[in-house]
Amino acid sequence: METKSSPKIIAIASVSGGGKTTAAANVTEQLGNAKALFFDDYDFQGPDDLLHWLHRGTDYNEWNLEPMLKDIRKLLAEPLDFIVLDFPFARLHNDSSPYMDFTIFIDTPLDIALSRRITRDFAGSSSNEIIADIKYYAKEGRAAYLQMLADVKPNSDFVIDGSGSKEDVTLAIMRQLSNC
């Protein structure tokens, strides 16, 4: 009698606007017998002030990831081949790391990520709101992006160039998964 193995868990990370949500959705669709969990679908308890957290040393363990971990544990009991996570921390959180089978970082140039984020988050906003966000990014927010590049990127199993189309990113991930 053959026993079904647990689903493999693939975590996809990037900076905000880097393409992790789109890639997770596309990869899940391509894999077939897979389900995805998206970081932004959860209301996690974490640091109140992200810039203060950044300057204190970005301890990823300060985030309470239990809502997502609960869903991961449920999905592990389902007859799936893969669980795909849109998850910005890769292996940097002690509670989630043991679940990760493979982590991918989409290395999207920061100008592209910023333009995607503004397009996504500020559609219909005034020019003053958009300019205020760009000023905030230039003054303080960019540091968070740089920190992800310093922390998450080197702690990922595979790094993909995020400057291409969503189809290119999905194809690169699928090629890498076929080698796992």
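Q: Hi! In what order do the strands of the open sheet come?
A: Hello! The model is predicted, and in it five strands make an open sheet ordered 2-3-1-4-5, with parallel pairing.

Q: Which strands stand at the edges?
A: Strand 2 (34-38) and strand 5 (158-161) do; each has a single partner strand, so one side of each has no neighbour in the sheet. On average, neighbouring strands are turned by 20° against each other, direction ignored.

Q: And how many bridges join strand 2 to strand 3?
A: Five bridges link strand 2 with strand 3 (residues 82-86), and the two run parallel. A34 sits opposite F82 of strand 3.

Q: Which strands does helix 3 lie across?
A: Helix 3 (residues 66-76) lies across strand 1 (8-13), strand 2 and strand 3, at about 175° to strand 2.

Q: Switching to the largest pocket: how much space lies in there?
A: About 1100 Å³. Its lining has 40 residues, with V15, S16, G17, K20 and M148 nearest the centre.

Q: Nice. Which helix gives the most to that lining?
A: Helix 5, which supplies eight residues. Helices 1, 2, 4 and 6 are among those giving at least two each.

Q: What's the lining like by class?
A: There are 17 nonpolar, 15 polar and eight charged residues.

Q: Last one: where is K166 found, and what does it touch?
A: K166 is in helix 6 (residues 166-178). Leaving out residues up to four places away in sequence, K166 touches T22 and N26.

Note on methods
Residues are numbered from 1 along each chain as its sequence is written. This is a predicted model: local features need pLDDT of at least 70, side-chain atom pairs count only at pLDDT 80 or more; totals for chains, interfaces and linings use all residues. Side-chain values use heavy atoms; hydrogens and water are left out. Helices (H or I, at least four residues) and strands (E, at least two) are DSSP runs, numbered from the N terminus. Contact means heavy atoms within 4.5 Å. On a 1 Å grid over the protein atoms alone, a cavity is a set of points where a 1.4 Å probe fits but cannot get out, and a pocket is an open set with protein on both sides within 12 Å along at least five of seven lines; lining residues have an atom within 4 Å of a point. Grid points are joined across faces, edges and corners, and a volume is the space filled by probe spheres set on the points. Ala, Val, Leu, Ile, Met, Phe, Trp, Tyr, Cys and Pro count as nonpolar, Asp, Glu, Lys and Arg as charged, and the others, Gly among them, as polar. Two strands pair if DSSP finds at least two bridges between them. Axes are lines fitted to C-alpha atoms, for helices over the stretch in contact, and angles run from 0 to 180 degrees between N-to-C directions.
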